[in-house]
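Thanks for coming. I will go through one structure, starting with a single charged residue and then widening out to the whole chain.

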Amino acid sequence: MMAQQLSIFMENKPGQLVQVTGTLKEAGIDIRAMSIADTKDFGIVRMIVSDCDKAQAVMREKGFMSTVTRVMCIALNDRPGGFGAVTECLSAANVNIDYVYACITEIGKSAYIVMHVDDEQKAIEVLEKAGINMVSAENLTELG
């Protein structure tokens with residue numbers, strides 16, 4: 001089970017994130033998870049949103065370069081060591097995690113983790129075999 005992630009490339013200067021979040025708000029698009037990676041001049045905002053295709057269209061209308069990428073999302077028990085078990089499974093299968101970030105959820109319930117890996121199929125097989133709960137794109141948009 002894979003989800004779609006919107007990545008937006010923008011200048012690293014005041015007001016850019018306001019434009020991004022304001023554009024999504026005006027379009028009625030909810031942000032479910034977000035990560036920002038930056039350099040001195042540019043940043044990449046990675047998001048799981050309620051409507052990825054619509055979000056990409058409105059971002060492009062505003063002049064932002066964006067891409068849509070497939071990512072995995074898993075649900076873990078919110079306890080120490082939960083994510084460590086995932087990293088151990090993937091490492092043992094020689095699957096590299098390119099990046100990871102968390103989704104919004106209620107404290108004490110499941111922790112939702114978004115991951116981009118170098119071998120999707122192998123990662124799915126390994127995690128399912130280990131009993132890790134994969135979360136669908138539909139489940140992500142229903143969080144709240």
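**Arg-70 and the rest of the chain**

Arg-70 is partly exposed, with a relative accessible area of 45%.

Before going on, what we are looking at is a predicted model, where local features need pLDDT of at least 70 and side-chain atom pairs count only at pLDDT 80 or more, while totals for chains, interfaces and linings use all residues. Residues are numbered from 1 along each chain as its sequence is written, and side-chain values use heavy atoms, with hydrogens and water left out.

Which residue forms a salt bridge with Arg-70? The partner is Glu-120, and the closest N and O atoms are 2.8 Å apart. A salt bridge here is a side-chain nitrogen of Lys or Arg within 4 Å of a carboxyl oxygen of Asp or Glu. This pair links distant parts of the chain, with Glu-120 in helix H4 (residues 120–129) and Arg-70 in strand E4 (residues 65–77), 50 residues apart. Helices (H or I, at least four residues) and strands (E, at least two) are DSSP runs, numbered from the N terminus. Glu-120 is itself partly exposed, at a relative accessible area of 25%.

How many salt bridges does a search of the whole structure find? The search gives 3. Another of them joins Asp-30 and Arg-32, with 3.1 Å between the closest N and O atoms. Asp-30 is partly exposed at 36% relative accessible area, whereas Arg-32 counts as buried at 15%. Glu-11 and Lys-13 also meet through their side chains, at 3.5 Å from N to O.

One more charge to mention. The charged end of Arg-46 sits over the ring of Tyr-99, 3.8 Å from the ring centre. The rule for this is NZ of Lys or CZ of Arg within 6 Å of the ring centre and within 35 degrees of the ring normal.

Now the overall layout. The chain has 5 helices and 7 strands, and from the N terminus on they run β-α-β-β-α-β-α-β-β-α-β-α. Of the 144 residues in the chain, 40% are buried. Taking contact as heavy atoms within 4.5 Å, residues 24 or more positions apart account for 69% of the contacts with a separation of 6 or more.

Next, helix H1, residues 16–26. Gln-16, Val-20, Thr-23 and Leu-24 are buried there. Seen down the axis of H1, these buried residues fall within an arc of 95°, so they line one face of the helix; the arc is that of the directions from the helix axis to the C-beta atoms. Val-18, Lys-25 and Glu-26, on the other side of H1, are exposed. The cover over the buried residues of H1 includes strand E1 (3–11), strand E2 (31–38), strand E3 (42–49) and helix H2 (52–61). Just after H1, Gly-28 has a positive phi of about 75°.

Leaving aside neighbours within four places in sequence, Ser-66 contacts Leu-6, Ser-7, Ile-8, Phe-9, Gln-56 and Arg-60. Ile-36, in strand E2, is partly exposed at 46%. With the same exclusion of neighbours within four places, Ile-36 is in contact with Leu-17, Ile-44 and Val-45.

Last, the cores. A nonpolar core is a set of buried Ala, Val, Leu, Ile, Met, Phe, Trp, Tyr and Cys residues joined through side-chain atoms within 4.5 Å. The largest has 17 residues, and those with the most contacts inside it are Met-72, Ile-74, Val-86, Leu-90, Met-115, Val-117 and Leu-127. E4, helix H3 (82–92), strand E6 (110–117) and H4 each give two or more residues to this core, and H4 gives the most, with 4 residues. Beyond four places in sequence, the contacts of Leu-127 include Met-72, Cys-89, Ile-132 and Met-134. Apart from this core lies another, of 15 residues, among them Leu-6, Ala-27, Val-49 and Phe-64.

Technical notes: Buried means under 20% relative accessible area, exposed over 50%, partly exposed in between (1.4 Å probe, protein chains only).
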